[in-house]
Amino acid sequence: MNNQMPSTDDRPVMIDVNDVTLAFGSRVIQHDVSFQVRRGSIFAVMGGSGCGKSTLLKSMIGLLRPTHGTYMVQKDDYWSGDDESRVKIGRRFGVLFQSGALWSSMTVGENVALPMQMFTKLEPHVIRQLVELKLGLVGMLHAIDQYPSELSGGMRKRAGLARAMSLDPDILFFDEPSAGLDPITSARLDELILNLRDGLGATIIIVSHELSSLFHIADDGIFLDADQKTAIAHGSPTWLRDHCTDPTVHAFMHREQLDSSGTHGNG
Ligand SMILES: Nc1ncnc2c1ncn2[C@@H]1O[C@H](COP(=O)(O)OP(=O)(O)OP(=O)(O)O)[C@@H](O)[C@H]1O
């Protein structure tokens with residue numbers, strides 16, 4: 001079965017996930033998951049609903065300890081140390097949650113400033129300048145004094161992105177960034193994500209259902225299966241679409257349904 005993209009990628013490995021098992025209590029969600037994310041790549045975590053994509057993302061950002069396996073962030077073993085060492089490694093991470101997850105009682109500018117106030121000793125006027133810079137990067141400087149409730153869904157996502165970049169992370173995690181956005185706003189967000197990767201050299205791990213977006217922006221990825229509870233294919237979304245022969249992956253990447261015999265139907 002053709003389920004592994006041939007790799008000619010010689011970019012350094014940024015995150016090395018080795019033999020990870022994720023479980024809630026005795027319920028295993030995924031097991032024996034291994035993959036590498038290379039520096040500067042946009043890495044897609046794919047798979048059907050409920051297979052464990054968000055759970056994997058949670059464990060990569062420190063919200064769920066894997067029951068087995070390791071995550072190396074360059075030379076640092078993310079889960080082997082104490083909370084303090086994890087927080088230190090996590091300072092390199094920026095996270096954009098589905099909703100943008102802004103504090104509703106704070107303005108956009110205050111939201112972006114918050115991580116800087118919490119984790120740095122920068123003077124308020126320096127923070128203000130940095131906040132303006134981050135909001136400028138995502139085209140949201142005009143909304144610096146607005147509250148989240150005054151923003152559209154796309155604007156909230158962009159403000160969330162500015163906040164995710166608040167501490168100059170070199171690794172960004174996006175959970176369903178295009179969820180709830182219309183196609184045009186979603187396409188703009190794709191361009192913004194590509195610009196961030198190209199302009200800042202960030203490494204991006206993205207969970208998304210939006211195949212058109214994934215085909216456009218992601219250059220590597222993994223496909224998690226809900227039934228086998230493990231990764232069944234590795235490669236960029238376009239490679240999986242065009243070359244992967246696994247019936248589940250093929251059906252997903254071509255938006256088909258499998259019939260009970262495991263062959264492709266068209267309904
Ligand atoms: N806190 C939790 N406690 C127990 N089970 C959980 C918890 N969070 C998620 N699950 C279960 O883990 C499985 C994977 O969920 P997860 O949200 O990671 O899937 P997903 O692939 O991101 O799904 P979707 O694409 O629908 O968002 C699901 O069966 C879910 O019910």
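Tutor: In this predicted model, the shell around the ligand is formed by Phe-24, Ile-29, Gly-47, Ser-49, Gly-50, Cys-51, Gly-52, Lys-53, Ser-54 and Thr-55. Helix H1, which covers residues 53–60, supplies the largest share of this shell, namely 3 residues. Sorted by class, the shell holds 6 polar residues, 3 nonpolar residues and 1 charged residue.

The confidence of the prediction should be stated alongside this description. For the complex, the predictor reports an ipTM of 0.97 and a pTM of 0.90. The protein chain has a mean pLDDT of 89, with 94% of its residues at 70 or more. Where pLDDT is low, predicted coordinates should not be read in detail.

We may now turn to the helices. A pair of packed helices is described by the distance between the two axes and by the angle between them. Consider helix H3 (residues 108–119) and helix H5 (residues 153–164), whose axes come within 8 Å and cross at roughly 25°. Angles under 35 degrees count as roughly parallel, and H3 is therefore roughly parallel to H5. The crossing of these two helices is right-handed. On the H3 side, the contact is made by Val-108, Asn-111, Val-112 and Pro-115, and on the H5 side by Ala-159, Ala-162 and Arg-163. The contact of H3 with H5 comprises 5 nonpolar residues, 1 polar residue and 1 charged residue.

H3 also packs against helix H4 (residues 124–137): the axes of H3 and H4 come within 9 Å and cross at roughly 120°. This angle makes H3 oblique to H4. The crossing of H3 and H4 is right-handed. From H3, the residues Val-108, Gly-109, Val-112, Ala-113, Met-116 and Gln-117 meet Ile-127, Leu-130, Val-131, Lys-134 and Leu-135 of H4. By class, the contact of H3 with H4 has 8 nonpolar residues, 2 polar residues and 1 charged residue.

H5, in turn, has a contact with helix H6 (residues 183–200). The axes of H5 and H6 come within 10 Å and cross at roughly 15°, and the two helices are therefore roughly parallel to each other. H5 passes H6 in a right-handed crossing. Here Gly-154, Lys-157, Arg-158 and Leu-161 of H5 meet Thr-185, Leu-189 and Leu-192 of H6. The residues of this contact divide into 3 nonpolar, 2 polar and 2 charged.

Notes:
Residues numbered from 1 in each chain as written. Predicted model: local features only at pLDDT ≥ 70, side-chain atom pairs only at ≥ 80, totals over all residues. Near = placed C-beta within 6 Å. Helix = DSSP H or I, 4+ residues; strand = E, 2+ residues; numbered from the N terminus. Nonpolar A, V, L, I, M, F, W, Y, C, P; charged D, E, K, R; others polar. pLDDT = per-residue confidence, 0-100. Axes fitted to C-alpha atoms, helices over the stretch in contact; angles between N-to-C directions. Parallel < 35°, antiparallel > 145°, perpendicular 65-115°, else oblique. Left-handed = near helix turned anticlockwise from the far one by under 90°. Contact = placed C-beta atoms within 7 Å.
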